Amino acid sequence: MSRDDPTESSFLDVLDRQILHALVQDARVPFAKLGAVLDVSEQTVARRYRSLRQRGVMHVSGQVNAVPLGHARWILRIKSTPDKALRLAESLARFPDLSWVTLLSTGSEVTCVSRPRSLERRDALLLHTLPRASQVREVTAHEVMHRFEADEDWPRFSHLFTEEQLRELGPARSGCALDRRSRLEPAGPEAPMDLTPEDEAMLVLLGRDGRAPYAQIAAETGWTPPRVARRMAELTQSGVLYFDLDFAVERMGYSVRGALWLRVRPADLDAVGRAMATHPEIVFVAATTGPTNLMASVLCRDTPHLYRYITERLGALDGITDFEVTPSLRVLKQAQTLLDSDRVAPVH
């Protein structure tokens with residue numbers, strides 16, 4: 001086993017990690033099905049799931065992918081006056097359209113991901129809110145052109161299953177469907193999908209709890225449970241709705257995370273992005289616009305692990321002409337959770 005093997009954690013036992021992998025594969029997998037696959041009772045799976053949530057280890061949420069709605073995703077780098085950077089990050093963490101709000105180790109730069117649901121909300125943030133903030137010195141916006149899909153999503157626990165168990169679990173259903181199709185569909189986007197008020201109510205509820213029961217969503221929307229299930233399947237298939245897990249990574253044995261900003265020769269961009277998507281240390285990698293054309297989120301056990309990754313694995317890739325590493329000093333908000341010390345806490 002490698003010294004940098006991301007599967008070992010004394011904080012989680014084998015069953016915990018198997019449950020986490022199953023949820024990454026299918027965030028709404030029935031506990032009865034998962035219990036049958038793992039040869040434990042449905043009650044045991046449910047109890048372990050509740051414990052993981054209550055301990056702040058993980059949180060399941062439904063996410064809205066703005067791309068099928070006709071809007072781009074942006075990665076923002078915001079330079080601030082050092083004495084006000086933390087306050088800026090705390091303010092940005094409260095914006096519903098922003099996720100992965102991170103104060104970098106320089107102490108004067110904040111990064112975040114913007115997924116605006118309308119042009120008006122995009123322009124309000126980029127053209128009004130940020131430029132008028134006295135502590136903001138500079139904003140660089142990178143539009144996400146293409147996300148490279150990993151063969152297996154982090155934390156990569158599939159080795160804990162037999163081949164038969166993996167077949168019983170079925171293919172991954174929690175990732176962004178649009179990203180999964182992007183390599184197979186070179187044609188332009190279809191007409192943006194319109195969301196109804198009932199859709200919006202369902203999406204808000206799933207943002208708080210990605211495993212909210214159909215009956216609970218039906219009560220919120222006025223639909224019947226079967227109609228909720230059908231509409232959820234439609235939105236998932238279209239790529240508008242996908243499910244994600246936030247983790248308390250520090251409690252899982254990872255003390256170093258940050259961003260890589262790379263310049264890659266255009267002819268090598270796709271090959272480098274695909275290769276990085278297979279690296280266990282990479283949890284997100286995308287081709288972007290801006291002064292750098294490839295951005296990746298990296299997660300390592302410690303600084304020596306980060307050094308080995310850069311020099312041994314990243315350094316072996318052809319086509320990279322320059323790169324910058326920006327370690328995270330503090331992550332204030334993940335996809336749909338705030339970080340309270342080393343625990344994930346859902347945004348309400």
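Predicted model: local features only at pLDDT ≥ 70, side-chain atom pairs only at ≥ 80, totals over all residues.

Helix α1 (residues 14-25) and helix α3 (residues 42-54) have axes that come within 10 Å and cross at roughly 85 degrees. This angle lies in the range of 65 to 115 degrees, so α1 counts as roughly perpendicular to α3. Elsewhere in the account, salt bridges are the subject; the structure holds 16 of them.

**Contact of α1 with α3**
- On the α1 side, the contact is made by L15, D16, I19, L20 and L23, which meet T44, V45, R48, Y49 and L52 of α3.
- By type, the residues of this contact are 7 nonpolar, 1 polar and 2 charged.
- D16 and R48 also belong to a network of salt bridges that links them with D13 and R55.

**Salt bridges within a helix**
- In helix α10 (residues 225-238), E234 and R231 lie 3 residues apart, about one turn of the helix.
- E234 and R231 form a salt bridge, and their closest N and O atoms are 3.0 Å apart.
- R231 counts as buried because its relative accessibility is 17%, whereas E234, at 44%, is partly exposed.
- In helix α11 (residues 269-277), R274 and D270 are 4 residues apart, about one turn of the helix.
- The salt bridge between R274 and D270 has its closest N and O atoms 2.6 Å apart.
- R274 is partly exposed at 37% relative accessibility, and D270 is partly exposed at 38%.

- R263 and D322 meet through their side chains in a salt bridge of 3.1 Å, N to O.
- This pair links distant parts of the chain, with R263 in strand β7 (residues 256-264) and D322 in strand β10 (residues 320-333), 59 residues apart.
- R263 is partly exposed at 37% relative accessibility, and D322 is partly exposed at 36%.

Technical notes
Residues numbered from 1 in each chain as written. Heavy atoms only, no water. Axes fitted to C-alpha atoms, helices over the stretch in contact; angles between N-to-C directions. Helix = DSSP H or I, 4+ residues; strand = E, 2+ residues; numbered from the N terminus. Parallel < 35°, antiparallel > 145°, perpendicular 65-115°, else oblique. Contact = heavy atoms within 4.5 Å. Nonpolar A, V, L, I, M, F, W, Y, C, P; charged D, E, K, R; others polar. Salt bridge = Lys/Arg side-chain N within 4 Å of Asp/Glu carboxyl O. Buried < 20%, exposed > 50% of the residue type's maximum accessible area, 1.4 Å probe, protein only.
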